[in-house]
Amino acid sequence: MPPVLLPPAAERPQDLRVGDPAWREAALAGARRAQQLTERCGREAVAMWQPAEGARDPHLAHHLSRAAYMEPWRFRVEMLKGGGTVEKPPPGDGVTLWRGKTKPPAWRARMPLPLHRDARTLQTAEHVFTHARGARLTAARLGRAQSQVNSQLCRLQRLRESCDRRLGELRKGLLVNQQSARLRGFRHASEKIPDRVDSTLKWEKEELKAMKRTMEVDMEKSEAMLKALASCRDTLGFYCQERLQAAELMNQPLDKVLEQAGRHSWVDLSRAPTPRTQGLKTPPTDPVGTYTPECAAALFQAKRLLMESKEVVADMLQHERDLGEQQRQIGHRVHNALQQKMRETLELKEQMNMTLGLMRGTIHRCHKFNQEMYVTHGLIKGPLLKTHLEAREKLDRPLVRMYQKHVGTQLPEAMRLAQGTDKLQRHNVLMEKNLKELLATRDGLAGCLGAKELGYQIDYNVVRLRRRQQHPHMSYEQAQQLVHD
């Protein structure tokens, strides 16, 4: 049909309408309102089904707006390495239309559909299962942390038992030291002069007391750490069971959940990371979510206690090794001092025994010589009665009377006899004095020898006692009972 050309305004005929202009304007206004309402309702109806970003620009023509709107839906042409091309749909959610080479985005209805109840039921189920999966993952983390805390608690308990045995060895060492000092107190007074063995025993006592205080401090620290670990384990168990209440309908093991999460533990930092990419990160805390602040605080406390307990375990192990070696060295030093004292005592005993034997021979010879001197003294004094004198022993015998007839012929025989008798008497008195000194010295030397023998036996018994009571099979209670006995 050829186009209809309107005449110019000057050539147009005058308006010959007979209707009232107001009436005409009112009708046109009603038509315009109806058309606007129709367009608005159409747009609102379409907007209920199309995405929010898909609203068309009202200032563009319909065909231009539709082309611009559908442009992102079309397939992209990509070049291959070999020189060919391939068409790929655009990324994102939507329904791929391979025949039309388009991929419209997923439309979301803004009003309830006939399947609204089913959709809401599925949405609620998905929300519940998501919450249950999160609660199960949190419970798996708490359970794994509880297992690690419990294993560390068991390890610390075993270490405490070992340290308690070491503490028993130190207490037994103190008892052995006390009993050694008591046994050495039974020596003779001459053997109680302070020597290096006594100073070594005092030094051993001070060292054992210092080591005992160190072990007691470690035991107190480990006891406090045990209480903290037990409390943390109970707290983790409580929150784990509380989280598992929302996962009763899910039967997947917690270890499998951690394996799917890609992380072995959220607490233990000593484990070397796997070469693969690390798994899920720790989610943010949510008071009404699956990972509550209480669970986060419990995991943080478990992590802190594990680090502190590892330091405590390392210190206790080091102290136990060092103190055990130090106690053995101290025991060897005391044993060597006792052995040296026994060797010195034995050497002195041998020397004193030889001296005592020589003195015994001298005393016997002196006794015999003294008896001979007494016999000689009796022979020199002569008989008790004058009638028992022989003629040659008399001072007035005929030969002497003949000689004394001249003046100045006095003989010194009587004076010489008196001097000899007196000299022999003084020698016998001196011999008696020397014999008494020899006998007194012999008795003192014999007593000293007996004291040395007693001291040697006591030191030998102390060595045997220390060897017997320091045996690993001898317990602290047995050593204590032996001390009381």
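Questions on a predicted model

Q: Before we start, what kind of model is this?
A: It is a predicted model.

Q: Is Arg184 buried or exposed?
A: Arg184 is buried, because its relative accessible area is 2% and buried means under 20%.

Q: Which side chain makes a polar contact with the side chain of Arg184?
A: The side chain of Asp459 does, and the polar contact is 2.5 Å.

Q: And which residues is Arg184 in contact with, leaving aside neighbours within four places in sequence?
A: With those neighbours set aside, Arg184 is in contact with Asp195, Val197, Asp198, Leu201, Leu338, Lys341, Ile458, Asp459 and Val462.

Q: Let us move to Arg466. Which helix is Arg466 in?
A: Arg466 is placed in helix H8, residues 413–469.

Q: Buried or exposed, in the case of Arg466?
A: Arg466 is buried, since its relative accessible area is 4% and the limit for buried is under 20%.

Q: What does the side chain of Arg466 join in a polar contact?
A: The side chain of Glu204 is joined to that of Arg466 by a polar contact of 2.7 Å.

Q: Which residues are in contact with Arg466, again leaving aside neighbours within four places in sequence?
A: They are Val176, Asn177, Ser180, Leu201, Glu204, Gly331, Val334 and Leu338.

Q: New topic: the strands. How many bridges join E1 to E2?
A: Four bridges join strand E1, residues 76–79, to strand E2, residues 85–88, and the two strands run antiparallel.

Q: Which residues in E2 are the bridge partners of Arg76 and Glu78?
A: Arg76 has Lys88 as its bridge partner, while Glu78 has Val86.

Q: What about Gly83 in that hairpin?
A: The hairpin of E1 and E2 has five residues between the strands, and Gly83 takes a positive phi near 110° there.

Q: Last one: where is Ala297 found?
A: Ala297 is found in helix H6, residues 293–381. Ala297 counts as partly exposed because its relative accessibility is 46%, which falls between the 20% and 50% limits.

Q: How far apart are the C-alpha atoms of Ala297 and Thr285?
A: They are separated by 9.9 Å, and the two residues are twelve residues apart along the chain.

Terms used. Residues numbered from 1 in each chain as written. Predicted model: local features only at pLDDT ≥ 70, side-chain atom pairs only at ≥ 80, totals over all residues. Heavy atoms only, no water. Buried < 20%, exposed > 50% of the residue type's maximum accessible area, 1.4 Å probe, protein only. Polar contact = N/O pair within 3.5 Å; in protein donor to acceptor, adjacent residues only side chain to side chain. Contact = heavy atoms within 4.5 Å. Pairing = 2+ DSSP bridges.
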